[in-house]
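Let's walk through this model together, one piece at a time. Keep the picture in view as you read.

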Amino acid sequence: MAYDHHTPHTEPGPGGGPAAPGTGAPHARQGEPGSGAGHGGPGPGTAEAGHGSPHDGHGHARHPHGTDVDWAAMAEQLETQAELYTPLYERALAWIGKEVTEPGLIVDAGSGPGVISCLFADAFPGARVVAVDGSGELLERARSRAERLGVADRFGTLTGELPQALDDLEYPADLLWASRSLHHLGDQQAALSAFADRLAPDGTLALMEGGLPMRWLPRDIGIGRPGLQARLDVLEEEWFTRMRTELPGSVDVTEDWPALLTAAGLKHTRTRSFLLDLPAPAPDRARAVVAARLGRLREIVGDGLDAEDRATVDRLLDPQDPASVHRRPDLFVLTAHTVHTAVKPH
Ligand SMILES: C[S@@+](CC[C@H](N)C(=O)[O-])C[C@H]1O[C@@H](n2cnc3c(N)ncnc32)[C@H](O)[C@@H]1O
C-alpha cells in the first residue's frame, strides 16, 4: 500500500481539534512507491452507473457477467456527476458540521476523484483530508483537484484496498466519510467495524448509502412506452444484487445502516436525506451526466430491455435527435442521497 504524494505534514490539533498547518507528522505511513494495490487494469466487463442510489458497481474481481467496474475508466463520469451534485453534498457536510465541529483529520474512504474530499477541505479549513481509494488514477485526479483548489498543503491520498488500506493511517480519524463505497466491499459489516476501529474517541463515521434513484424524465416522454425509468430501475436492482453477490468475500446483510453502525460499536446514529433538484430545462452539464448515466445503463442492463425500450434508449442517447436527453426541454435531475452518522464512544 502506498501513501501517495502530498503526504500531510501536520499533527492533529489537541483533543482532535484542527491541525496546525506546516508542523508534525503525516497521517499515513509512507509506503513503498508503487506498492499500492490499485484496481489493476481495465476489467473485461462493463461498469455501472455511479449514481445516487446504491448502484455504482464495485471494482475488483473480474466477472464474466459484467458486474466488474473499471473505475479509472469511470473517472470523468464520477467527477462530473459529483460536481453536479455539489449543492447536495454541501448541505450534507453542513449537517455533519453541526455535530463535528473541529475535526483534525478527515478520511474519505473510497473517495474516487476527490470532489467530495475537496469539499471537506473547504468546509473544514482546520482539517487535514486524506482520500483513500483502490484506484491510483482516481487519486491522481484528487491530488490535481486539491492543487487547483489551493488545499494541497493539507490534502493527502492513500492507495489501497478498503478497508485494509486504513491500517496505513498514522492517526485515528475524527471524521471518516464513505459515500457509495461501502457497498462495493464484500463484507460490509466487517468493513464498518474496520472503519470504526480507525476513529478517534468521539470520532464520527458518516456513510452515504441509499436514497432515491435519479429521475430525469417524466413518466410519459412522448416516445416509446411510458415508464422507461421504472423498468430500468428494476433491471439495475437485479444487476446490483448480482454485483454484490460476485464481490470477493461477499456476505449477505440486511442493509439497515443504523443497525450496522451500532453493531460496529458506534452510538448516536442519525440519518438524513438530501435532495438534488435541478428543474427542467436542465443545464448542459446535467444533460452530460444524464447521457453518461443512461449510456452506462444501456451497457450493463440494455440486454434486459425489450426491443421497443432499447430503441427508445437509443433515441434518447442520439445527440442528433431532438427527443434525446441532449436536446429535449423536459429534462430535469431529481434525486436524494441518505447520510447515516454514528459516533465512537470513549
Ligand atoms: C461509486 S464510487 C464513489 C466515489 C465517491 N465516494 C463519490 O461518492 O462520488 C466508488 C469508489 O470506491 C472505490 N472502491 C470500490 N471498491 C473498492 C475497494 N475494494 N477498495 C478501495 N476502493 C474501492 C472505487 O475506486 C470508487 O472510487
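Strand 5 (residues 173-179), helix 5 (residues 188-197) and strand 6 make a right-handed β-α-β unit. Right-handed here means that, with the strands pointing away from you, the path from the first strand over the helix to the second runs clockwise. Helices (H or I, at least four residues) and strands (E, at least two) are DSSP runs, numbered from the N terminus. What you see is a predicted model, where local features need pLDDT of at least 70 and side-chain atom pairs count only at pLDDT 80 or more, while totals for chains, interfaces and linings use all residues. Residues are numbered from 1 along each chain as its sequence is written.

Now follow strand 6 (residues 199-215), which runs parallel to strand 5 and is joined to it by six bridges. Two strands count as paired if DSSP finds at least two bridges between them. In this pairing, L176 stands opposite L205 of strand 6. Strand 6 also pairs with strand 8 (residues 333-343), this time in the antiparallel sense and over eight bridges. Here, G211 stands opposite H337 in strand 8.

Next, the helices. Two packed helices are described by the angle between their axes and the distance between the axes. Axes are lines fitted to C-alpha atoms, for helices over the stretch in contact, and angles run from 0 to 180 degrees between N-to-C directions.

Start with helix 8 (residues 284-301) and helix 1 (residues 75-84), whose axes come within 10 Å and cross at roughly 135°. That angle makes helix 1 oblique to helix 8 (under 35 degrees counts as roughly parallel, over 145 as roughly antiparallel, 65 to 115 as roughly perpendicular and the rest as oblique). The crossing is left-handed, a term for a near helix turned anticlockwise from the far one by less than a right angle, with clockwise being right-handed. Q77, T80, Q81 and L84 of helix 1 make the contact with R285, A286, A288, V289 and A292 of helix 8; residues are in contact if their C-beta atoms, placed from the backbone, lie within 7 Å.

How does helix 8 lie against helix 9 (residues 307-317)? Their axes come within 10 Å and cross at roughly 150°, which makes helix 8 roughly antiparallel to helix 9. This crossing is left-handed. A291, L294, G295 and R298 in helix 8 meet V313, L316 and L317 in helix 9.

Methods. Two residues are in contact if their C-beta atoms, placed from the backbone, lie within 7 Å.
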